[in-house]
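The tour below goes from one selection to the next and says what is found at each stop.

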Amino acid sequence: MPRRTHPADDARAPAATSSPVGRPGRPRRPETDSAILAATRAALVELGWSKLTMSDVAKRAGVAKTTLYRRWSGRCDLVVDAVAVLFDDLELPDRGSLAADVEGVVLQFAALLARPEAGASLLALVAESTRDQTLRQRIRHSIVDRQKRLVLLGRERARLRGELPYEPDPEAAGRAADLVFDVIAGAVLHRALVSARPVDEGWTRAFTALLLDGLSPTGARG
């Protein structure tokens, strides 16, 4: 099915494709960016992807539509950034063990997905990306790849504690990080947004135990 577009918006969009778009002129104001991204998430929750327009976002944020196009090349870039900034708030505090670190970030992730502006926006993005390869690549670059930092940090921390072995092959380490990220993100997303079941402390402990049994050198944590 062809993707519905908004000619009035698209006609005004410049040809650049990077996100966000830097332009000469007056310095950017962080509070303006925050208002625009918040308005984008609100519009996405209320209207859905097909009805969201740059004009509507500009009106909600109280700015001119040209202000949006000075920062973002179009709707895809804007929406991806609006969702990505939420996930950048995820952290991995050192809780003393790999299991505790994993449990902590899983509960953080679940709490974030429970927010309508995060969960609904992410689902809308993923649904649209099945029909838009460019959007899929932007999601991977701006959300998935950026959040793999948590896996890399957790694995390095666990290695220094002696909980995981050192991996001398960078390519193998990268593949392992990808797999761990996919398992954690996939399980939590499915539980929270597809099954609509609680990601509580009991589920998180059971999931973490299952995950770490597969990661440990002996195949069991003991």
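**Salt bridges**

Across the whole structure, a search finds 16 salt bridges, a salt bridge being a side-chain nitrogen of Lys or Arg within 4 Å of a carboxyl oxygen of Asp or Glu. This is a predicted model, in which local features need pLDDT of at least 70 and side-chain atom pairs count only at pLDDT 80 or more, while totals for chains, interfaces and linings use all residues. Residues are numbered from 1 along each chain as its sequence is written, and side-chain values use heavy atoms, with hydrogens and water left out.

Select Arg161 and Asp94. Their side chains form a salt bridge, with 2.6 Å from N to O. The pair links distant parts of the chain, 67 residues apart: Arg161 is in helix α8 (residues 133-161), and Asp94 is in the loop between α5 (75-87) and α6 (98-113). Helices here are DSSP runs of H or I with at least four residues, strands are runs of E with at least two, and both are numbered from the N terminus. Arg161 is partly exposed, at a relative accessible area of 28%; buried means under 20%, exposed over 50%, and partly exposed in between, with a 1.4 Å probe and protein chains only.

Glu163 is partly exposed, with 30% relative accessibility.

Next, select Asp101 and Arg157. The closest N and O atoms of this salt bridge are 3.4 Å apart. Because Asp101 lies in helix α6 and Arg157 in helix α8, the pair ties together parts 56 residues apart in sequence. Both Asp101 and Arg157 are buried. Now show Asp94, Asp101, Arg157, Arg161 and Glu163 together: they are linked in a network of salt bridges.

**Helix α5**

Select residues 75-87, which make up α5. How many of its 13 residues are buried? The count is 12, so α5 is mostly covered. Among the buried ones are Arg75, Asp77, Asp81 and Phe87. From first C-alpha to last, α5 reaches 19 Å, close to the 18 Å expected at 1.5 Å a residue; the expected span is 1.5 Å times one less than the number of residues.

**The end of α7**

Move to Ser129, in helix α7 (residues 116-129). Is Ser129 buried or exposed? Ser129 is buried, at a relative accessible area of 6%. A polar atom of its side chain lies 2.7 Å from the backbone oxygen of Val126. Leaving aside residues up to four places away in sequence, Ser129 touches Leu135, Arg136 and Ile139, contact meaning heavy atoms within 4.5 Å.

**The whole chain**

Finally, zoom out and colour by secondary structure. The chain has 10 helices and zero strands. Of its 222 residues, 41% count as buried. Among contacts with a separation of 6 or more, 70% are between residues 24 or more positions apart. The accessible surface is about 12,000 Å², with 56% belonging to carbon and sulfur atoms, by the Shrake-Rupley method with a 1.4 Å probe.

Notes. A polar contact is a pair of N or O atoms within 3.5 Å; within protein, one must be able to donate a hydrogen and the other to accept it, and residues adjacent in sequence count only if both atoms are side-chain atoms.
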